[in-house]
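Please look over the structure below.

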Amino acid sequence: MDVIVVGGGIVGASAAFHLTKKGVSTALVDSARLGQATAAGTGIVYPWPFPWDAPPLWGFKARAAEHYPELMAELAEDGQVTGYEVVGGMSVDREGDDAGFELLRTLSERPEFATMGRVERLAEGEPRKHFPLVPEPYGGVYVEGMARLDGRRARAALFNAAEERGLRYFRGDARLLWNGHRVTGVRVGSEDLEAPTVIVAAGAWSAELLSVAGVELGVHPVRGQMTHFALPGRDTRGWPVVRFGERDYYVSAFAPDRVVTGGTTEPEAGFDCRVTASGMLHNLSTALEVLPELADAGVVETRVGFRPGTHDGRQLLGPVERLPGVLVATGLGSQGLTYGPFQGVVAARLAMGEDPGLDLSAFVPDRDQVPL
């Protein structure tokens, strides 16, 4: 075995796919714990950088935006069902969003933003024509290239494509193997799996894996409870994703009749995977304030996911100095479905000894983090 990937979310599955595609002997170890963030996310994909992003983050986002549609097209050509659809997106506001329009239009004219597509100003009432639940007084901005993603399907597509290329899968908790000088693999149950490189992409659980080796990794679980609504008789499959600017609140829609609203952000909840009464109250009351017509919708389910948060808001990506043989790829917080596939690509390149083509100095996994 050349590389072991620990973690079967979208990051780990992407790393495994890109490794096996290059012919690298790869194993993926996943504990399949409840609360995997990939399966719970709202699924809004907006990967492009903003002018205020620091250079390392700008570079990462710009490359991710270019890579995303290419990866999804590759998986689709491979016969995989990706759950990825470019449906466009809107940022809406009761006062309109002229400032947002000028910014996005200017960005869309730059070469690195080619995948953003057309940017249009939407007059009052026009957002409702695209997403019929948006109240009439809203105007905003439309971005053609925004997409939605079913995290469960995307993860399965990456995993299946990797398995077809020789990926070995082990279900269970992993423990790092140490020979006194470097990590030499992982133990799963009573079986030792050896490899010169281990990619730790276990999301919010990554810190637990490294703590047994005496390394404190600055990642923690941020519980999110996301509620799904059903609108019988309404075909939602062509509806765009929506951001309500004044509340920074997101809504997406999936076939055949489902609407998913932005959920809770609970950094103090630990790994408690319950759907709570307070979380449900927050989701229902906020959804009905923003989209009053959801009052007649059915509540299908509430999914719970543990986003891997960091204290300074930056991802953890790269080698760990105190643990030779280990690469870390996690810490994307609520943007895992947007940037996870590309984070997995970068981790795979590092594992193969390739130049990632990016400045990763801001993402050193065992850095001292200054809270935001």
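## Overall fold

Among contacts in the chain between residues at least 6 apart in sequence, what percentage join residues at least 24 apart? The figure is 73%. The model is predicted.

The chain holds nine helices and 20 strands. Its radius of gyration is 21 Å, which agrees with the value near 21 Å for a compact globule of 372 residues. Along the principal axes, the C-alpha trace spans about 65 × 45 × 45 Å.

## Burial and surface

Of the 372 residues, 55% are buried. The chain exposes about 15800 Å². Carbon and sulfur atoms supply 50% of that area.

## Helix α3

Helix α3 covers residues 55-77, 23 residues in total. From first C-alpha to last it reaches 34 Å, close to the 33 Å expected at 1.5 Å a residue. The helix is kinked, however: a bend of about 30° lies at His67.

Just after α3 comes Gly79, which takes a positive phi of about 90°.

## Salt bridges

How many salt bridges does the structure hold? There are 26.

One of them pairs the side chains of Glu102 and Arg121, at 3.6 Å from N to O. Glu102 sits in helix α4 (residues 98-108) and Arg121 in strand β6 (residues 119-122), so this bridge ties together parts 19 residues apart in sequence. Glu102 is partly exposed because its relative accessibility, 36%, falls between the 20% and 50% cut-offs. Arg121 is also partly exposed, at 40%.

## Two further pairs and a network

Glu112 and Arg110 form a salt bridge at 3.0 Å, N to O. Glu112 has a relative accessible area of 30%, so it counts as partly exposed. Arg110 is at 38% and is partly exposed as well.

The side chains of Glu144 and Arg118 meet at 3.2 Å, N to O, in another salt bridge. This pair links distant parts of the chain, 26 residues apart. Glu144 lies in the loop between β7 (139-143) and β8 (147-149). Arg118 lies in the loop between α4 and β6. Glu144 is partly exposed, with a relative accessible area of 32%. Arg118, at 38%, is partly exposed too.

Shared partners build a network of salt bridges: Glu102, Arg105, Glu109 and Arg121 are joined in one.

Conventions:
Residues are numbered from 1 along each chain as its sequence is written. This is a predicted model: local features need pLDDT of at least 70, side-chain atom pairs count only at pLDDT 80 or more; totals for chains, interfaces and linings use all residues. Side-chain values use heavy atoms; hydrogens and water are left out. Helices (H or I, at least four residues) and strands (E, at least two) are DSSP runs, numbered from the N terminus. The expected span of a helix is 1.5 Å times one less than its number of residues. The bend at a residue is the angle between axes fitted to the seven residues ending there and the seven starting there. The radius of gyration is taken over C-alpha atoms; the globule rule is 2.2 Å times the number of residues to the power 0.38. Buried means under 20% relative accessible area, exposed over 50%, partly exposed in between (1.4 Å probe, protein chains only). Contact means heavy atoms within 4.5 Å. Accessible areas come from the Shrake-Rupley method with a 1.4 Å probe; for residues, only the protein chains shown count as cover. A salt bridge is a side-chain nitrogen of Lys or Arg within 4 Å of a carboxyl oxygen of Asp or Glu.
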